Amino acid sequence: MNPIKIERYFTMTKITFYKGLNVIGGTFIKVETEKAVLMFDFGFTVMRDIDSNVRLREGHIPEDYVRIGRLPAADGIYEEAVAEKIGCIPYGKTEKPHFFIISHMHIDHMGGLDMLDPDIPVYMSEDSLRLYRKLCNQGEFTYRAHKNCIGIPYGDSFTVEDIRINVFPIDHDCTGATGFIIETPDGNIAYTGDYRFHGLHPEQTEGFGETCYDAGIDIMITEGTNASWEEFDMLTLVKPDNEVRTEYTLISEVDEILDGSSRLIIINPYERNVARIHNLYNLCLRHDRKLVLDNAQADYLSEFYPEDKLYVYSETVDGRPVPGGAELVSRDEILSNPGGYMLQIPYRNSYELLDIGEAAEAYLHMDGYPLGDYDPSYPKMQSLLEKAGINYVKLGLGGHASPYCLKHMIDTVSPKCLIPIHSQRPENVNAENIGFRILPTEGQTIFLDKKEIHL
């Protein structure tokens with residue numbers, strides 16, 4: 001089966017691909033029906049031409065980001081002053097209502113949220129909204145907190161005009177991650193967001209795939225991050241014989257490190273993976289250690305695991321709020337009993353390592369910033385660790401499905417049309433149980449008309 005090329009469209013559902021196609025992150029896709037316009041996600045990609053030494057212009061950030069290509073120039077999403085400067089129609093001035101869905105709280109999927117018109121509705125899972133509010137509480141936004149966010153419980157749905165959105169949990173290394181089934185008058189679209197099968201809840205990812213199959217998916221829009229690194233034929237992949245590292249493996253690895261050490265353990269985790277922090281907290285309890293956190297990380301933990309006792313490192317409290325009930329722990333306290341603590345040091349506070357390095361057994365890099373050697377900060381981090389005399393241990397796990405698991409997910413869904421995005425090599429992403437595949441280009445629109453796909 002092949003898509004049919006057409007010259008005109010009338011009341012068909014139109015899917016336009018703006019950004020995030022041949023890169024990791026920055027997804028921005030528009031689904032337009034006769035009565036409404038849905039968009040997702042609204043984040044940032046890693047941009048080589050962004051320079052932290054260049055000061056952002058207060059009051060001009062949204063239009064500046066559009067002009068340098070970090071955000072899309074799209075109608076119906078920006079406030080009037082911004083839209084006028086970039087030549088777009090502002091929010092509220094279009095014929096159809098516009099609204100967003102956000103799959104999860106990673107910056108490459110929601111980093112531009114604070115640039116939107118403050119009144120545009122932005123839907124996400126309830127857990128994503130809880131995390132977003134804590135991020136805002138800690139000042140984790142560039143421009144302003146978005147005020148019109150709506151949390152939807154997992155398993156529920158909502159409707160805007162003739163578009164119905166179904167919200168499902170999916171396993172990723174970020175609390176609140178979501179997969180969506182988008183029902184339009186012309187057919188069903190599945191958007192996976194980011195997903196994996198090696199986390200704490202692979203059954204959620206598997207369940208989303210099975211639900212998509214039961215619903216009958218005409219277009220599946222899937223991430224393909226781990227198909228990015230080399231050319232290969234995904235159709236030839238078979239299930240690996242060797243055991244795959246999981247979140248449970250990672251905790252076991254940390255457990256072994258704690259078993260063999262009576263010194264300080266320093267961690268640098270990704271702060272929005274709150275479930276991992278909770279598991280590390282429980283692991284520390286078993287080893288008679290206190291898990292001492294950055295105040296932002298402690299704030300996120302308090303939202304989802306209020307039963308966990310909070311310890312915050314006093315040396316790095318920098319004006320951001322400390323959650324109520326937290327106990328402050330000083331550098332001197334840790335140095336007097338290094339084997340009694342596990343200490344989180346985010347990269348932004350790395351100079352603190354110079355004063356505590358002599359007491360440390362190891363620095364466990366657990367998917368925290370900087371994420372990898374493609375980031376200019378990564379060699380700087382390793383150089384600083386060397387100067388501080390701290391042993392570097394990479395214990396990252398990642399939040400994205402392996403190439404085989406990508407194929408498995410697509411085969412489970414069995415869509416009529418597969419559209420891989422969020423990958424440096426989307427052409428690698430393929431599976432047997434599909435009708436056909438489209439690799440769209442930026443600005444391209446495809447059409448869904450009574451379950452038929454047209455170019």
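Visitor: How far apart are the end C-alpha atoms of helix H11, and what span should its 12 residues have?
Guide: They are 16 Å apart, which agrees with the 16 Å that residues 377–388 should span at 1.5 Å a residue. The expected span is 1.5 Å times one less than the number of residues, and helices here are DSSP runs (H or I, at least four residues). This is a predicted model, where local features need pLDDT of at least 70 and side-chain atom pairs count only at pLDDT 80 or more, while totals for chains, interfaces and linings use all residues. Residues are numbered from 1 along each chain as its sequence is written, and side-chain values use heavy atoms, with hydrogens and water left out.

Visitor: Which residues in H11 are buried?
Guide: Ser-377, Tyr-378, Met-381, Leu-384, Leu-385 and Ala-388. Buried means under 20% relative accessible area, exposed over 50%, and partly exposed in between (1.4 Å probe, protein chains only).

Visitor: Switching to H7, how many residues does it have?
Guide: H7 (residues 274–286) has 13 residues and reaches 19 Å from first C-alpha to last, close to the 18 Å expected. Its buried residues include Arg-276, His-278 and Cys-284.

Visitor: What phi does Asp-288 take?
Guide: Just after H7, Asp-288 has a positive phi of about 55°.

Methods. Helices (H or I, at least four residues) and strands (E, at least two) are DSSP runs, numbered from the N terminus.
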